[in-house]
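Please view the sequence and the structure first, and then read the points grouped by topic.

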Amino acid sequence: MDCPVALALENVGEWWSLLILRDALQGSTRFEQFRESLGISPTILTRRLTDLVASGLLEKHRASVASGRDEYRVTERARDLSPVLIALFAWGRKHVKGHNWGIDFVDRSTGKAVDPVMIDRNTGKVISREAHAFVPGRFPSASTLKRLKPLAQLEPAEK
């Protein structure tokens with residue numbers, strides 16, 4: 001596929017992988033930390049960590065020769081995934097009802113809750129369905145051309 005969403009999900013689409021990355025981005029580095037935090041089976045965790053290392057999202061390092069334990073450290077690729085996890089967090093808080101939330105997302109300097117939005121780095125405009133669209137790129141496949149219209153052919157987005 002030539003779709004960045006599909007290709008990104010190929011790397012991180014499995015939900016355990018996203019939860020492992022969430023914890024790694026918050027400072028977890030050891031197998032046991034992930035296992036205890038997530039309640040995940042050792043077999044699944046081993047498989048997911050191996051996949052995340054292979055995808056370049058985590059790096060495996062020996063904690064120390066004496067301990068014989070490995071640590072998993074986030075890579076730049078994983079750090080670039082932070083806004084996606086923050087967006088999923090915000091979506092979950094807004095649309096998944098009936099929970100007493102045990103996690104907040106706050107400004108480190110003030111401690112106040114944050115309401116994250118996505119903005120265009122070039123213009124500072126808030127990204128919205130009404131103002132932005134997916135269109136065929138420079139090298140679209142035949143399936144992309146069937147699925148997406150060029151900008152000039154788009155109808156106004158529904159609100």
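**The second largest pocket**

The second largest pocket holds about 870 Å³ of space. The structure described here is a predicted model.

- The lining of the second largest pocket consists of 22 residues. Those nearest the centre of the pocket are Arg 22, Leu 85, Ile 86, Phe 89 and Ile 103.
- Helix α6 (82-95) provides eight residues, the largest share of this lining.
- Both α2 (15-25) and α6 (82-95) contribute at least two residues each to the lining.

**Domains**

- The domain assignment divides the protein chain into domain 1 (4-75) and domain 2 (118-158).
- Taken over C-alpha atoms, the centres of domain 1 and domain 2 are 33 Å apart.

**A nonpolar surface patch**

- A nonpolar patch on the surface is formed by Val 5, Leu 9 and Phe 134. Together these residues have about 340 Å² of accessible area.
- Val 5 is located in helix α1 (residues 4-12). Its relative accessibility is 48%, and Val 5 therefore counts as partly exposed.

**Salt bridges**

- The whole structure contains 10 salt bridges, according to the search.
- Arg 22 counts as partly exposed because its relative accessibility is 31%. Asp 23, at 7% relative accessibility, counts as buried.
- Arg 48 and Asp 51 meet through their side chains in a salt bridge of 2.7 Å, N to O. The two residues are three apart in helix α4 (residues 42-54), so about one helical turn separates Arg 48 and Asp 51.
- Arg 48 has 13% relative accessibility and counts as buried, whereas Asp 51 is partly exposed at 34% relative accessible area.
- A network of salt bridges links Glu 14, Arg 48 and Asp 51.
- Glu 76 pairs with Arg 79 in a salt bridge whose closest N and O atoms are 3.4 Å apart. Helix α5 (residues 76-79) holds both Glu 76 and Arg 79, three residues apart, about one turn of the helix.
- Glu 76 is partly exposed, with 47% relative accessible area, and Arg 79 also counts as partly exposed, at 40% relative accessibility.

Definitions and conventions
Residues are numbered from 1 along each chain as its sequence is written. This is a predicted model: local features need pLDDT of at least 70, side-chain atom pairs count only at pLDDT 80 or more; totals for chains, interfaces and linings use all residues. Side-chain values use heavy atoms; hydrogens and water are left out. Domain bounds come from an automatic or database domain assignment. Patches are made of residues with over 30% relative accessible area and no salt bridge: like charges are joined within 9 Å, nonpolar side chains (Val, Leu, Ile, Met, Phe, Trp, Tyr) within 5 Å. Accessible areas come from the Shrake-Rupley method with a 1.4 Å probe; for residues, only the protein chains shown count as cover. A salt bridge is a side-chain nitrogen of Lys or Arg within 4 Å of a carboxyl oxygen of Asp or Glu. Helices (H or I, at least four residues) and strands (E, at least two) are DSSP runs, numbered from the N terminus. Buried means under 20% relative accessible area, exposed over 50%, partly exposed in between (1.4 Å probe, protein chains only). On a 1 Å grid over the protein atoms alone, a cavity is a set of points where a 1.4 Å probe fits but cannot get out, and a pocket is an open set with protein on both sides within 12 Å along at least five of seven lines; lining residues have an atom within 4 Å of a point. Grid points are joined across faces, edges and corners, and a volume is the space filled by probe spheres set on the points.
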